[in-house]
Amino acid sequence: MRAFRALPYAVCVLALVVTGGCSSSSPDPGSSGAGGVVSTGSVKRLAVTITGTTVTPAPAQVDLPLGSTLELVVTSDHDDELHAHGFDVEEALKSGVPTTLRLTGKEPGSYEVETHEPALTLLTVAVR
Amino acid sequence: MALTAPQLAPGLIPGLAPGLVPAHGVGSRGDLPLPFTALVIAAVAALVISFVAIGTLWREPRLRDTDGVLLPRPVAALLDSRSLRAVARALAAVLTVWTLVALVLGPDSARNPVPHVVYVWLWVGLAFSSMLLGPVWRVINPVRALHAGLLRLARVSPDLAALPYRWGLWPAALGLGTFTWVELVAENNTSLGFLQLLVGGFFAVSLLGSAVFGRTWFDHADPFEAWSRLLGLLSPLGRRHDGRWVLRTPLHGVNGLRGQRGLVPTVAVMLGGTAYDGFSANLSWSTFVQTSPVSSSLLKTATLLTFFGLVAVTIWLASVVSVRLSGEPFARSFTFVSDIAPSLIPIAGGYVVAHYWSLWVYQGQYAWRLLTDPLGTGADLLGTAGLVPNDALIQPTLVATIQAVSIVVGHLLGVLAAHERAITVLDRRAAVVGQVPLMVVMILYTLGGLTILFAP
Ligand SMILES: [Cu+2]
């Protein structure tokens, strides 16, 4: 019976280690070190290439301050539909032709940018 | 929540202004990841609550069905009045018919209101209104009303049944699991054809079930009645032992639920499904799914089932350890797991609030813009075509606070409910030790839930 008195403490330590491990292994949401993002003033630029089902750079969260604009250039190796959720922007993608989306953050939240054929998530835009 | 695209992308339909039409049926906006500070504060709070609870909580069963603050007579009379119930039923019937019209005759595009009605109002809205008011679906369930109406037309007893019903909540668990799969995994789940099949199938199964087993079907087997009844236990409104309306703690409702067949799988689906919803929004997960050679539907289905299974297996393991610690036989774990399953309902409720708050308070308003034009003809029957959803309730700091607080409060209530149940059903000397395994599992769920909200 006495041994079990210590159990809650052991659990706490274990849990702290678990959460600590989780937090250090996930990317810090506060910075937008997402690969390939170039900032100029209030405009951010990012080029994304799609080869089959592979997205380069790998899908990541891109931070976008309220009111700033993300210029997203997407080139795919097949015809597709490009869709920026919540920005209500949808464009046809032609194989090999770069398509530019201009996304301006108006409402805080997290928004997915994706293609439909096949369904791929390219990145999420975190507007804050 | 991520729902897949309808086949017709409305932005590409000539004649529709793309700026006004979201290309998906539901949920184009997600919440920002939980800030690290909120994660740490909530995790520490949950841990402190847990081990303070072990040492200091009451030692004798304390929650009684005679507890509660009586509601003033006029309020109680209003709640019991036939007219209030009739009005609620009529409104639900009107909304149902309206939705069915849009389902059959409306456009197959994001302008159709059906996905919002099904995935936001019915699923999420029902959860929130039940947690506030109690098991409201029992009162307004249009299929229940249809069944009762048909029996009345046929001039037979409302209790008419061909066979006795004996599966407890199992069919509800299956139904809730299926709905969760439809919502989170199925492709084209906002397309009209899919929704016609879904709603038509649900009506067919419900009418068949109630024809064979009578209205007991709705009390036990109906997934939405179970969803509303179990989350409704958390409502501060309730009836005490003599049937009078009282205000009481969510613990009283939860404690009043007895173990029954199928309760464990039902709770596992409620908790596992919400957790999977949050988890599947994680970018590393979607990257893994879309680059994997295995079909993504298969991968998602297997993962969703794993989430259900993980919840069921972990609470059963906890109950095995509990009964062994209290010196009872292994076989006792199967009844004990059912005894303690109700205490996971507050945790499930906390998950639901944390994950669906912004969907409900934001996308729930958006539904009015679509309902006003059920046939996609440009009509404005309700005058809500120009409604701009109010965003005051989805400000990031508010959302993060609500998420962290609801998870921690769910955890606190879960720990208290488990404690009360443990000292009630276990031998007194063993009760304190006996609840530790369950608390460990609850801590894992809570930390897991917080981590899911935190990871981008
Ligand atoms: Cu899309």
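pLDDT is the predictor's confidence in each residue, on a scale from 0 to 100, and a contact means heavy atoms within 4.5 Å. The structure is a predicted model, in which local features need pLDDT of at least 70 and side-chain atom pairs count only at pLDDT 80 or more, while totals for chains, interfaces and linings use all residues. Residues are numbered from 1 along each chain as its sequence is written, chains are lettered from A and ligands numbered from 1 in the order in which they are written, and side-chain values use heavy atoms, with hydrogens and water left out.

Where pLDDT is low, the predicted coordinates should not be read in detail. Chain A as a whole averages a pLDDT of 77, with 73% of the residues scoring at least 70. Helices (H or I, at least four residues) and strands (E, at least two) are DSSP runs, numbered from the N terminus. Among the elements of chain A, the lowest mean pLDDT, 40, belongs to helix α1 (residues 2-5), and the highest, 93, to strand β5 (residues 69-76).

Next come the strands, where two strands pair if DSSP finds at least two bridges between them. In chain A, strands β6 (residues 80-84) and β7 (residues 89-93) pair in the antiparallel sense over five bridges. Opposite Glu81(A) stands Ala92(A) in β7(A). The hairpin of β6(A) and β7(A) has four residues between the strands, and Gly86(A) takes a positive phi there, near 75°. Chain B has an open, antiparallel sheet of three strands in the order β1-β3-β2. Because β1 (69-70) and β2 (237-239) of chain B stand at the edges, each with a single partner strand, one side of each is left without a neighbour in the sheet. β2(B) is joined by three bridges to the antiparallel strand β3 (residues 245-247) of chain B, and Leu237(B) has Leu247(B) in β3(B) as its bridge partner.

The interior can be described through its cores. A nonpolar core is a set of buried Ala, Val, Leu, Ile, Met, Phe, Trp, Tyr and Cys residues joined through side-chain atoms within 4.5 Å; buried means under 20% relative accessible area, exposed over 50%, and partly exposed in between (1.4 Å probe, protein chains only). The largest nonpolar core has 116 residues, and those with the most contacts inside it include Leu34(B), Trp123(B) and Ile315(B). Helix α16 (residues 345-371) of chain B gives the most to this core, with 14 residues. Another core, of 24 residues, lies apart from it and has among its members Val37(A), Leu70(A), Phe87(A) and Leu93(A).

Helix α4 (residues 114-133) of chain B has 17 of its 20 residues buried, with a kink of about 35° centred on Gly125(B). Gly134(B), with a positive phi near 105°, follows α4(B).

Note on methods. The bend at a residue is the angle between axes fitted to the seven residues ending there and the seven starting there.
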